[in-house]
Amino acid sequence: RAAGVNAAAAEAANAMHAESSDAVDGGDESDKESAAYEELVQKAVEEPLEDIEALRLFELIEDDGFGRPVLLVMGCRVDTWVTAMDRVMLSFVRLMHDVSREPFSVIYFNSNVGWRNQPGFTFFASSYAVLPARYRRNIAALSIVHPGMWVRAMFLLLRPLLSAKFWRKLHYADRLDELWLDDVVQKHAFRPPPEAVLFERSLRADLDQRADELQISGILGGQPIAKFSSSSASASAAAAAAAAEP
């Protein structure tokens, strides 16, 4: 596995060096496609990918509210232990080959993602190496919804390969409403995946319950903390008043 990671990193580094050389020479690398990518496109056109499409991992929205297409990616819908990730890549290329020629956005939903849903570093580094530079140049925003430690760690590993411009395009959203509050996408442009909605409701319920327990037990010097639910806040206040009576 270590050899595979090193090889993928070397490929990505070579791709980054080639892009830098093209830029110095004044060439337009955004339109250049390697032989490996051309082969990938050919496979994406020819191979049946009904099994991958049935996962509903990708959804392409024509307009994000700002005139750009946006690709929705639902991480928890792919089991990387049983799904061939090279076929996932083919599905991605089939969908994005033409779209990537113009500015576009990507929203990745990390909601309810576990170990089995997490591609490794090799997959991302190899993808970086094979995809033409226009994919990175034309991506207007990459938003990660409900980011976890795995996502943040993966971007740290990829940091040597990513430009300063890319980091300005990266956006973490702990809540769904941050997508439209931060002008990543217009609220009316899409319907969030049900897994993301349910995951956020579960998080909110857990936080409400934890806040109740902290307030009732008198943690934080007996000072109440902010509540998500007004009804639970009232109940906690009543309990505290009853406990204070002689």
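**First stop: Met154**

Select Met154, which is found in helix α7. The model is a predicted one. Is Met154 buried or exposed? Its relative accessible area is 9%, and a residue under 20% counts as buried, so Met154 is buried.

Next, show the residues that Met154 contacts, leaving aside its neighbours within four places in sequence: they are Pro119, Gly120, Phe121 and Phe124. Met154 and Gln118 are 36 residues apart in sequence, while their C-alpha atoms are 10.0 Å apart in space.

**The whole chain**

Zoom out to view the protein chain, in which there are 11 helices and five strands. Of the 246 residues in the chain, 41% are buried. Consider also the contacts between residues at least 6 apart in sequence: 77% of them join residues at least 24 apart.

**Helix α4**

Select helix α4, residues 85-96. How far apart are the end C-alpha atoms of α4? They are 16 Å apart. At 1.5 Å a residue, the 12 residues of this helix should also span 16 Å, so the two values agree.

Helix α4 is mostly covered, with nine of its 12 residues buried. Colour these buried residues: Met85, Arg87, Val88, Met89, Leu90, Ser91, Phe92, Val93 and Met96.

**The largest nonpolar core**

Two of those residues lead to the next stop. The largest nonpolar core has 57 residues, and the ones that touch the most other members are Phe92, Val93, Ile107 and Phe109. Which element gives the most to this core? Helix α4 does, with seven residues. In soluble globular proteins, nonpolar side chains tend to be buried together.

Centre the view on Val93. Not counting residues up to four places away in sequence, Val93 touches Tyr37, Leu40, Val41, Ala44, Leu131 and Tyr135.

**The largest cavity**

The structure holds one cavity of 30 Å³ or more. The volume of the largest cavity is about 880 Å³. It is lined by 32 residues, of which Phe92, Phe123, Phe124, Ser127 and Leu142 are the closest to its centre.

Colour the elements that each supply at least two residues of this lining: α4, β3 (104-109), α5, α6 (133-138), β4 (139-145) and α7 (149-158). What classes of residue line the largest cavity? The lining has 28 nonpolar, three polar and one charged residues.

**The second largest pocket**

Proceed to the second largest pocket, which has about 270 Å³ of space. Among the 13 residues that line this pocket, select Leu40, Asp86, Met89, Phe123 and Ser126, the closest to its centre. Two or more lining residues come from each of α2 (35-46), α4 (85-96) and α5 (121-130). Helix α5 provides the largest share, five residues. By class, the lining of this pocket divides into five nonpolar, three polar and five charged residues.

**Arg77**

Select Arg77, in the loop between β2 (70-74) and α4. Its relative accessibility is 16%, and therefore Arg77 counts as buried. Apart from neighbours within four places in sequence, Arg77 is in contact with Leu55, Arg56, Pro193, Pro194 and Glu195.

The final stops concern the backbone angle phi. Most residues other than glycine have a negative phi.

Select His146, in the loop between β4 and α7. Although His146 is not a glycine, it has a positive phi of about 55°. Is His146 buried or exposed? With a relative accessible area of 5%, His146 is buried.

Finally, select Asp183, which lies in the loop between α9 (178-181) and α10 (194-216). Phi of Asp183 is also positive, near 60°, in a residue other than glycine. The relative accessibility of Asp183 is 52%; a value over 50% counts as exposed, and so Asp183 is exposed.

How values were computed. Residues numbered from 1 in each chain as written. Predicted model: local features only at pLDDT ≥ 70, side-chain atom pairs only at ≥ 80, totals over all residues. Heavy atoms only, no water. 1 Å grid on protein atoms, 1.4 Å probe; cavity = no way out; pocket = protein on both sides within 12 Å on 5 of 7 lines; lining within 4 Å. Points joined across faces, edges and corners; volume = space filled by probe spheres on them. Helix = DSSP H or I, 4+ residues; strand = E, 2+ residues; numbered from the N terminus. Nonpolar A, V, L, I, M, F, W, Y, C, P; charged D, E, K, R; others polar. Expected span 1.5 Å × (residues − 1). Buried < 20%, exposed > 50% of the residue type's maximum accessible area, 1.4 Å probe, protein only. Core = buried A, V, L, I, M, F, W, Y, C linked by side-chain atoms within 4.5 Å. Contact = heavy atoms within 4.5 Å.
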